[in-house]
Structure formats: structure tokens, C-alpha cells
Amino acid sequence: MTEAPATFVARASAESGTAKAAAVGTAARHLIEKRDAAVAAYPAMDVMRDRLREIRLHTLTHLDRYLAEFADAVEGLGGRVFFAADADEATAYIRRVAEQAGAGVIVKAKSMVTEEIGLNASLASDSRSVVETDLGEFIVQLAEDRPSHIVAPVMHLTRFDVGRAFADKLGVPYTDDPTELNQIARAHLRKIFLGAEIGISGVNFAVASTGSVAVVTNEGNGRLATTAPRVHIAVMGLERIVPTPEDLGVALEVLARSATGQKLTTYTNIITGPRRAGDPDGPDELHVVIVDNGRTRVLADEVSEALACIRCGACLNICPVYRAVGGHPYGDVYPGPIGAVLSPVLFGLEGREELPYACTLCGACLEVCPARIDLPRMLVHLRERVVDEGDAFGWLKPAMKSYEFAATRPRVWNGVLRGASIGGRASRSGWFRRIPWPGSTWTKVRDLQAPSTRSFRRWWRDRNAT
Amino acid sequence: MTERPLSTVQLFATCVVDAMFPQAGRAVVRVLEECGMTVDFPAGQTCCGQPAFNAGHRSEARSMAEHTIRILDATDGPIVMPSASCAAMVIDHYPHLVADDPELLTAASRIASRVREFTQFLIEDIGVDELRVTTDEAVTFHPSCHGLRHLGLVGYGERVLDASGSDRRALEGAHECCGFGGLFALEMPTVSGAIMDTKLDNIEATGATTLVGYDASCLLHLAGGLHRRGSAVNVRHIAEILSHADES
């Protein structure tokens, strides 16, 4: 595999216009259409969004209290809780659990936080076999690819890509029929489920008052992965908490509609402690790994409300930039508008200076965000931080200085407009096909109409002089 | 809010209209005068500072905001802007930018309550039925993101166009961004161009001869894209559709 270009702009430019980007654009639009239909059919949605926002912000304000309550509840049920300050602590703990369980085979349900902490690679270094069981993640793993969406990891692949990956890696005859592909994955995974010692899942929400973790899926793999193996390890970002089961109800109503346009996901697993005496199934051991990995930093930051995110992916689906380039150019596991806000604060602004600019400020993400997180405002704020430390594009700072100088001095401004009018005369057709740098970036993809040879203010002055 | 007499209207032309689309500014003046208004063009006006604000250059944006606030606060009556994003800048962002200065903040709030995007003024303050121009031009309308999501002008441009009798063709994905995004168009031209292409395909698919909008800066970008692809679609500011022949 070739080294990816270093910057968002370079990566995004390389991806835009590709079949991969087109696949993302189509699928993202489709998901938003389903979301819109579900919202239209649910008159309470706006009230529920307000309620969700309240719950999430309240929880973030009292996170210490709710985390302690949750941990106590889990331990009271016989589960174990581990607070991991960073990715290394989290993976080290999980590796120890795997070691103690003597696990050869580990099955995983979909989890973005385990992507974030690089869990698969670290378990692989202990020669353990980790198998992704979410269909999308399974395909990503087979194709040695990366997820491009937080809900639909293979949004960038077509069924033909999947057919080729299955034929190559599973040795099955090529097919691009989605039902057949599903059957192949199902047959392959079923055997693995039954032999797995450990199941690892993410957590959509953790309920503080009951110590429950909720894991939602549409494939049933989450249920199998958390009940069939002897050990279940649930991994969550420390902000996944909701105070009560009632709050969980609000969050689930809003999550499925926002993410996939469903009223509820097909499988909603609410796991409360390990298997009790007399339970027919469930794991003997339950470990909940609560990951910080930069989240406390976000909590203390001006963009702290971004932690209210419930990972529905609606902001990705509606974002014009995401639709045009897909998830990979964002570089980190969280793409789209939420990623452009979170990644620079979670993982550091250095090397991510362009991310806050990966947005047209169209405001569509705020319109669909179930928690009404003002991502555009946060992105502008992060741009201010980039400006404090440098210049993401190398020409913005000097350009903005001259622009400010002219725009606060009417006589200079008049001169600029006069200059533009004279410049406009340089074009006989009234259009420029190429102009000098940095304006050349404008004419890279579009022509520039010549400034009018007579500005509005000139017309106004002439009109009122007569 | 106190009722203000509608007789005198301040025109904040915006830099893009001033330099690139003066015909749109002239059309705004004509439409307003035909509606019985007296139009004034406050001297000393420059640019609202939106590009600096959006790019994260807060201090530059703040001094431009201060300049504009002082110019506009010295006037009375509604302030009409032929550009939704500039109106949104003044209404939504000026008060935050100057929040550290109580005197300026008060002035910014006064101005914010006086600012109207052009179609907003036609609909909310004048009433569209007063339009005196009819046209049968085949048009399609691009509502800008700032118009829709900052100012809440959902359906405004369409309503005004329908009142003018134009043959308006519905635009697929009308509420989606055109890919302009201010300096975004320069910072990430390839991505901007990819988003624009979807918009241009939708515009051309309507069969309209003219693309109409109320945000001159989106129009600058879309006109450039249409010209680059050799499209026959014209681009005009909505005021140009509603006004009598240009005297220029």
C-alpha cells in the first residue's frame, strides 16, 4: 500500500471524483432520505431531540458522578470496570484479560472506540485471532481496508468490491448478489462465533443507575458476540453514559431514526451484568473498559459539547464535503463534521490544521444533529485556534491583513474597487480562465467573471451627480 | 420592536455585488424605488468581513465589523442586503464579535434588527403582491445555505419568483450546499468543484434558461462553473428578474 498524502486537502483531492467517493455520495444521500422520512413520521422528534440534548449536556456536566455510579453498579452486578487513561492502558488491559482467558479466538461486534485505540493490531501482536462480525467491519477486515463511516463502515465499497474481496480472501466463487454475499458471511462467521472465547463489543450507551450497557445492531452479531463467548469485554468512551433507563429510551428513539431512518434498530441488547445463577446464557465474565484517550481534554475545551454526540452519523450523511470525498481523507477514525471537530482536540491539532476548514459552513449538520451540536460554530472556533498558531494554507494571513487594511479605510477600498474595474477591462470576453496564485485555486475548477468595468458605487455616484 | 416607516431604505450593497454584480445592485434600487421607497447608499461602506470571520481571522473580522457597525448605525430605517450570507454575518455574528464592547454591542444589536435580505424585505416588509414586473422566463432558484439555515428564508425566493409569473422549475437538491463556502472555494478547490458539479448537473437538468439566486457569492461560483462547462444557462440575481430594463 502506498503512503497516504499528508494533508486533508491532498487526500481529499485524490479521492474526489473517484468511484469510491461516488459510492459514498449515493449511500449517504440514501441514508439521509431514510432519516428524513423517519423524522417526518415521528412528530415528537423535535421534542425528543431537545430532551436528548438536555440529557447529554446534563450528563457531561456531572460526568464524574455518573461514571462512579455506573462503575459501582457494574461491580455490584459482578462485572469488572477498568478506567483507561489512554489507548495503551486500554489495550494493555484487554490483552491481559485475553491472556488470562487463554483466548485463541476473539469475536468483535462493531465499535468505533476500539478502532480509535488500535485494538485489533495490538491483539494481533499477541498472535490472537480477532474476527470482526459486523458485516461491514468484516468486509473492511477482509479487504485490509479502513472504515469510512462510523455507522456504515463500507460505505465506500460497492457490492462488486465486496464480491471480489470474498472471492479473494474466503476462496468462494465470485458473486455480487447481496443476499448470497450475506449468506457466505453468515456461514463463515457462525462457526467462528461458536468457537470464540471472548466477545468484544462497543457500547452505544451505558446506563448509570443500572450498570447496563446498550449495544444496538441490525445483524444480531452484537447479541451473539456478547452472549456466546465465556468472556464479554465492553469498550466505551467515557462520555457514553446516560443517567437512567428512561434516558436510554430517549436516546434509542432518536439514534435509530437519525442514523438509518429506523424506529429502532433490529437488535437492541441491554446487558446488565454477567450471567447470573440460573441464566440460560450470557458470559461468565463481564469487563467494561472506560476509555478517556483525550476525552477529558475535550470536556475542558470550548468544543466540549461535541461529546454529546451519539454517533448516529447523520452529520456525515448530510455533509457536502463528506459526500464528495468520503471518510478516508479525514485521516482519523471519526470522519465528517463531527470528526473535523473531535479529532483535532482528541488527538492534537498539529498535522490536522486543515481539518477545521473541511467545511463550507452550510449548517446542514446542525440541522440534522439529534443533539443539536453546533458543529459549524465549533469549526470556526478551531480555525481561530489554527490562525493563532500559524496559517493552514500559507496565504490566508497576509491576505486577511491586506483585506482588513482596505476594508476599514473607505478611500483605500474605493481604490481597490477602481483597480478591480480596470482589471476587468483586461478581459475581452468578460471572463478569466486563469488568474495568478492564490486566485489560481479559483480558476482551477471554474472560470472567473471579470469584475464589472463600472462598480455599483461608481454608478451610484454618477447617478446622483446628475 | 417598534414600527419603522418604510419610506427610506439603506442599501448595503456588499462587496461582491459592488464589484462583480453591479447590475444586481442597480436592480435592487429599481425594485425598491418602484415599490415607493427612497433608497440611500451609506457612504464609507466596504465589506462585512465574513470571509475573515469564516476563516478564523477573528481580529480582522472584528475590525471590519466595527467599521460597518459605525457606518450603518449612523443611518435610519431598514438595511437591505442583496446577499443572504452577508445579512447572516451582520445578524448572527456581529453581536458576538463585538461582545467585549458594550457600546458597539448595543449598536450591533440595533443594526441586526434592521437588516433584511432583499427577498425577506419584499415578503416581510412590503408584501410580494406589490411587484409590478412580470416575466415568463424559465428560471430555477438556488436558495443559499445562509438564507435557509441562518435567516430561515425557506421558500422566500421561490415565492417571489412565483409572484413575478416566471416559469420556475423545481431544483433537485435545492437545499444542498453549492460548494462555494467562501474561502473554502479557494482553500479546497477540488472538493469545492466536486460539490459544485452535482449542483450544476441538477441546475442543467431543470431545463431552465436562467439560474436565479439571492446570494451573489454563490452565484459568482456557480456562474464560473457553468461558464467553464460551456453551459447556456444564464445567472442572475433575483432582483434582476423583478426589475424593469437596466439603464446601466
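**Exercises on a predicted two-chain model**

In this predicted model, the axes of helix 11 (residues 189-205) of chain B and helix 12 (residues 216-228) of chain B approach within 10 Å and cross at roughly 75°.

**Exercise 1.** Determine how helix 11 of chain B and helix 12 of chain B are oriented to each other, and state which residues make their contact.

*Solution.* Step 1. Two packed helices are described by the angle and the distance between their axes. Step 2. The crossing angle here is roughly 75°, and angles of 65 to 115 degrees count as roughly perpendicular. Helix 11 of chain B and helix 12 of chain B are therefore roughly perpendicular to each other. Step 3. Helix 11 of chain B contributes B:Met196, B:Lys199 and B:Leu200 to the contact, while helix 12 of chain B contributes B:His221, B:Leu222, B:Gly225 and B:Leu226. Step 4. Sorted by class, the residues of this contact are four nonpolar, two polar and one charged.

**Exercise 2.** Describe the side of chain B that touches chain A, and identify the element that gives the most to it.

*Solution.* Step 1. In the contact between the chains, 51 residues of chain B meet 51 residues of chain A. Step 2. Elements of chain B that give two or more residues to this side include helix 1 (15-19), helix 2 (22-34), helix 4 (58-73), helix 11 and helix 12. Step 3. Helix 11 of chain B gives the most, with eight residues. Step 4. By class, the side of chain B that touches chain A has 24 nonpolar, 19 polar and eight charged residues.

**Exercise 3.** Decide whether A:Gly25 is buried or exposed, and locate its surroundings.

*Solution.* Step 1. A:Gly25 belongs to helix 2 (residues 19-40) of chain A. Step 2. A residue is buried if 20 or more other C-beta atoms lie within 10 Å of its own. A:Gly25 has 21 C-beta neighbours inside 10 Å and therefore counts as buried. Step 3. Leaving aside residues up to four places away in sequence, A:Gly25 touches A:Arg323 and A:Ala324. Step 4. A:Tyr322 is 297 residues from A:Gly25 in sequence, yet their C-alpha atoms are 7.8 Å apart.

Key:
Residues numbered from 1 in each chain as written. Chains lettered and ligands numbered in written order. Predicted model: local features only at pLDDT ≥ 70, side-chain atom pairs only at ≥ 80, totals over all residues. Axes fitted to C-alpha atoms, helices over the stretch in contact; angles between N-to-C directions. Helix = DSSP H or I, 4+ residues; strand = E, 2+ residues; numbered from the N terminus. Parallel < 35°, antiparallel > 145°, perpendicular 65-115°, else oblique. Contact = placed C-beta atoms within 7 Å. Nonpolar A, V, L, I, M, F, W, Y, C, P; charged D, E, K, R; others polar. Buried ≥ 20, exposed ≤ 12 C-beta atoms within 10 Å, placed from the backbone.
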